[in-house]
Amino acid sequence: FINSPSVSRLEWHPFTLTSAPEEDFFSVHIRAVGDWTENLIDTFQQQKPKTPRIEVDGPFGTASEDVFQYEVAMLVGAGIGVTPFASVLKSIWYKFQHADQRLKTKKIYFYWLCRDTGAFAWFNDLLASLEQEMEESGKASFLNYRLFLTGWDNSIAGQAAFNFDKDTDVVTGLKQKTSFGRPRWSNEFSAVATAHPRSVVGVFLCGPQALAKSLQKCCHQYSSLDPRKVKFYFNKENF
């Protein structure tokens, strides 16, 4: 929970950490929606007479901590719901760098759904650095990520099609091409089940209830009755 006395002495608002526990600072990403967040951003932009003071209460644990208990994880973020996974992906990367033997996770499938192209700017830098670092260390296959633009017009789609042969995506600048529309979850779960026929897969969502129902249904549908074969377990974050 964060309080800014220069904005309001009594208001405390909950945010998700986007920094990893291994880092010597903590960060949050704040979207401007409503009076308090807009005033907070204005206050920091002005910085008069000095940088505003921030008070913090927490942190408090969430379901996303359990990612590290699974060999295979499917992470699904919708819009600003991407924030808990920023921390998770960075933390896993630090564990990789330090050869942490306690890390069970062998493969991550990350899906990010956004309505508009501007939203991708929240997370682009982190994905770009992870993409580069994992390639350089020979672990490029560890993170499989897909970006989905759920709202677009013909000009964006036309531009993407025209530039499809380029090395980087025209929307995000990343090597992974952006998909238009929503994921076909039956295809995604089927592919993960085929690739990991004997694994326990943790499915984590930070997003709306309708999406939670779709993912929960797929978890039941694609889990094998045979205890020796693939199982999907659903976990949801609420904000």
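Reader: Which exposed residues does the face of α3 turned away from its buried side carry?

Author: This is a predicted model, in which local features need pLDDT of at least 70 and side-chain atom pairs count only at pLDDT 80 or more, while totals for chains, interfaces and linings use all residues. Residues are numbered from 1 along each chain as its sequence is written, and side-chain values use heavy atoms, with hydrogens and water left out. Buried means under 20% relative accessible area, exposed over 50%, and partly exposed in between (1.4 Å probe, protein chains only). On the face of α3 turned away from its buried side, the exposed residues are Asp-125 and Glu-136.

Reader: Why do the buried residues of α3 line one face of the helix?

Author: The buried residues of α3 are Asn-124, Leu-126, Leu-127, Leu-130, Glu-131 and Met-134. Seen down the axis of α3, they line one face because they fall within an arc (of directions from the helix axis to the C-beta atoms) of 165°.

Reader: Against which elements do the buried residues of α3 pack?

Author: Contact here means heavy atoms within 4.5 Å. The partners of the buried residues of α3 are α2 (83-97), β4 (107-114) and β5 (143-149).

Reader: How is α5 placed relative to α6: roughly parallel, roughly antiparallel, roughly perpendicular or oblique?

Author: Helix α5 (residues 185-195) packs on helix α6 (residues 209-222) at an angle of about 40°, with their axes 10 Å apart. Angles under 35 degrees count as roughly parallel, over 145 as roughly antiparallel, 65 to 115 as roughly perpendicular and the rest as oblique. The angle therefore makes α5 oblique to α6.

Note on methods. Helices (H or I, at least four residues) and strands (E, at least two) are DSSP runs, numbered from the N terminus. Axes are lines fitted to C-alpha atoms, for helices over the stretch in contact, and angles run from 0 to 180 degrees between N-to-C directions.
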